[in-house]
Each structure stands twice: as structure tokens, then as C-alpha cells.
Amino acid sequence: MGISVGVQGLSRVFDEIFADIKGKFVFNFLDDVVVYSSSAEQHGPHLREVLYRLQKAGFTLNPDKVVLGAHQIKYLVHLLSRQGVQVLPERGEAITKYPRPTNLRSLRRFVGMMGFYFRFVPGYADIVGVLHELKKKGVTFVWREQHQAAFESLKKGLCEAPVLQILDFTKEFVLVSDASDLAVSALLHQWLDEGLAPIAFYSTVLSSAERRYSTYEKECLAVLFGREKFRAYLEHKEFELHCDNLALCWLLRRVRDIGRLGRWIVRLAPFKYRVKHTPGVDNVVA
């Protein structure tokens with residue numbers, strides 16, 4: 001940008017620049033601006049007006065980040081198009097790819113995860129009841145068609161809008177991260193009256209080199225993974241970080257030069273966050 005201002009100052013500047021046209025044919029989140037129109041004929045004048053105001057205010061554009069004349073764009077974890085606003089499929093990719101339970105232990109893990117969000121899944125009790133049948137004493141674990149149908153229905157119910165909440169920038173974000181020997185995951189939430197509401201889920205498999213990291217390093221890598229995935233939302237205001245490793249919580253509160261961990265923690269330094277310890281037994285979703 002051509003002007004150096006703070007995050008809050010930047011928001012105020014753009015609010016002033018677009019005060020009379022914001023919500024009519026332009027919208028912005030900080031310096032990320034969208035110009036939208038009902039037709040190509042309208043779009044030309046709309047675009048010229050926005051560019052004129054930015055130029056007059058002393059701002060410059062980065063050509064590498066400009067997209068012109070698009071019929072659909074990704075914006076704030078949503079897909080904007082002539083069909084309206086849609087949820088990006090990758091927001092729930094980690095859930096849609098969740099493997100089918102193969103034994104009682106993995107079934108309990110899945111049901112525990114879904115139970116954390118039961119308020120946001122329509123018809124949750126009726127659907128999950130089919131899976132609870134497999135948990136009864138004396139019942140042999142045999143995965144049948146009705147169990148697969150309930151399993152897929154629960155995943156679909158959690159990942160479809162409006163279950164995955166639309167971002168509300170007036171509310172505090174909560175980042176939940178976790179790591180295993182094979183993968184790291186990150187979840188973005190916000191507090192609603194109904195509880196901790198999910199916004200997006202992400203996970204990635206560790207490389208062979210990363211799998212050799214210590215437990216502390218894997219946990220810190222999960223935090224960095226979440227930071228990168230949700231950077232656009234977390235770098236502008238304080239958020240709450242939930243992790244299940246007490247040692248990591250201690251490390252994040254004390255920036256020290258301790259090899260790889262120290263370098264990673266320094267990368268977190270620009271962010272404002274509060275660390276909350278969540279025991280692994282309670283961190284079922286991540």
C-alpha cells in the first residue's frame with residue numbers, strides 16, 4: 001500500500017473512502033477490496049469510481065493481487081458468484097475425508113467429535129442414535145449400510161451452511177490446534193450464544209522429516225499451520241489459542257532462542273493471543 005497506517009486506522013480510512021458506496025457495489029475487509037456489479041455495463045463505471053477514490057486517497061494496487069472481470073471469486077472463506085454466496089468446499093475438507101470407524105475406539109472418537117458440535121447439526125440425536133447401537137454392551141462391531149449412511153449424514157450436516165458459521169468480525173476468534181504422529185490440524189471458531197461455533201476445519205499429513213520431530217515440535221508446527229491457514233483473520237486482533245500440550249503452552253508464553261522451536265515461536269510474535277491449555281482427552285475435534 002502507498003500509505004502506512006495501523007490496522008484499525010486502515011479500516012477507518014477505507015470506511016471513509018467508501019462511506020456512500022459500501023454495500024452498493026463495493027466491499028472491503030481491511031485492504032482487500034471487492035467491486036461487484038449486476039452486469040458488465042455497470043461494472044466499468046463501478047470499477048472506475050473505486051479506483052479513482054483509491055488513487056485520490058494515495059493508495060496503490062499490487063498488480064499481482066488484482067483480479068478483473070471474474071464471474072466468481074474466493075473471498076473470506078466463501079465463494080462469491082452470480083449464484084450468490086457459497087461455502088468453500090475446502091472449509092470442511094478435513095471432515096469430509098474423515099475415515100470410516102473400523103472399531104469401537106475409532107467410533108467413540110468420531111461420535112465424541114460430533115457431540116462437540118451437536119447444537120449445529122440438524123437432527124443430530126436421531127442420526128447418531130444409529131451409531132450408538134454399536135456401542136452397546138454385547139453388540140459385535142459390524143459396520144452396515146445404516147451405519148455408513150448415518151456416518152456420511154453427520155459429516156455432511158456439519159460441513160454444510162449454515163452449520164459452518166459466517167465470520168463475524170465483531171466476535172473473538174478461537175484457534176484450536178493439535179498434532180499426532182501422522183498429521184496436524186487446525187480449527188477456527190467463534191463464540192456464539194449456542195457455544196463454540198465452527199467456521200472452518202483444515203488438516204495436513206506430516207512429511208517423513210516432520211514425523212521425526214519431537215512432540216513439542218509437532219504441537220508447535222500445528223499452531224503455525226493454523227496461523228498460516230487463518231492468518232487473514234488472526235493477525236488483526238487478539239484471539240484465543242487452544243492447544244493440548246502444557247509444555248507448548250509454557251513455551252508460547254516465553255519466547256526463547258531454542259533452535260527450531262525458537263524460530264517458530266518468533267514467527268508467532270506479531271500475533272496477539274491468549275493460550276489456553278486443553279487436555280488431549282477434551283480436544284476431541286482437532
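L51, L61, V66 and L68 form a nonpolar patch on the surface of this predicted model. Together these four residues have about 360 Å² of accessible area.

**Surface patch**

- V66, one of the patch residues, is located in the loop between α2 (40-57) and β3 (72-75).

- Strand β6 spans residues 173-179 and is mostly covered, with seven of its seven residues buried.
- F173, L175, S177 and A179 point one way from β6, while V174, V176 and D178 point the other way; the residues of both sets are buried.
- β6 runs antiparallel to strand β7 (residues 183-192), and seven bridges join the two.
- L175 of β6 stands opposite L241 in β9.

**Helix α7**

- Helix α7 comprises 15 residues (215-229) and reaches 21 Å from its first C-alpha to its last. This span is close to the 21 Å expected at 1.5 Å a residue.
- The helix is mostly covered, since eleven of the 15 residues in α7 are buried.
- The buried residues of α7 include E217, K218, E219 and R227, as well as C220, L221, V223, L224 and F225.

**Aromatic pairs**

- Eight aromatic pairs are found in a search of the whole structure.
- Among them, W143 and F151 form an edge-to-face pair, with 6.0 Å centre to centre and 80 degrees between the planes.
- Both members of this pair are buried: W143 has a relative accessible area of 17%, and F151 has a relative accessibility of 1%.
- Y202 and F230 form a tilted pair, with 5.5 Å centre to centre and 55 degrees between the planes.
- Y202 belongs to strand β8 (residues 195-205) and F230 to the loop between α7 and α8 (231-234), so this pair ties together parts that are 28 residues apart in sequence.
- Y202 counts as buried at 14% relative accessibility, as does F230 at 0%.
- Ring pairs also link W143 and F151 with Y98, F110 and F141 into a cluster.

Conventions. Residues numbered from 1 in each chain as written. Predicted model: local features only at pLDDT ≥ 70, side-chain atom pairs only at ≥ 80, totals over all residues. Heavy atoms only, no water. Buried < 20%, exposed > 50% of the residue type's maximum accessible area, 1.4 Å probe, protein only. Helix = DSSP H or I, 4+ residues; strand = E, 2+ residues; numbered from the N terminus. Pairing = 2+ DSSP bridges. Patch = residues over 30% accessible without salt bridge, like charges linked within 9 Å, V, L, I, M, F, W, Y side chains within 5 Å. Areas by Shrake-Rupley, 256 points an atom, 1.4 Å probe, with all protein chains shown as cover. Salt bridge = Lys/Arg side-chain N within 4 Å of Asp/Glu carboxyl O. Expected span 1.5 Å × (residues − 1). Phe/Tyr/Trp six-rings, centres within 6.5 Å; stacked < 30°, edge-to-face > 60°.
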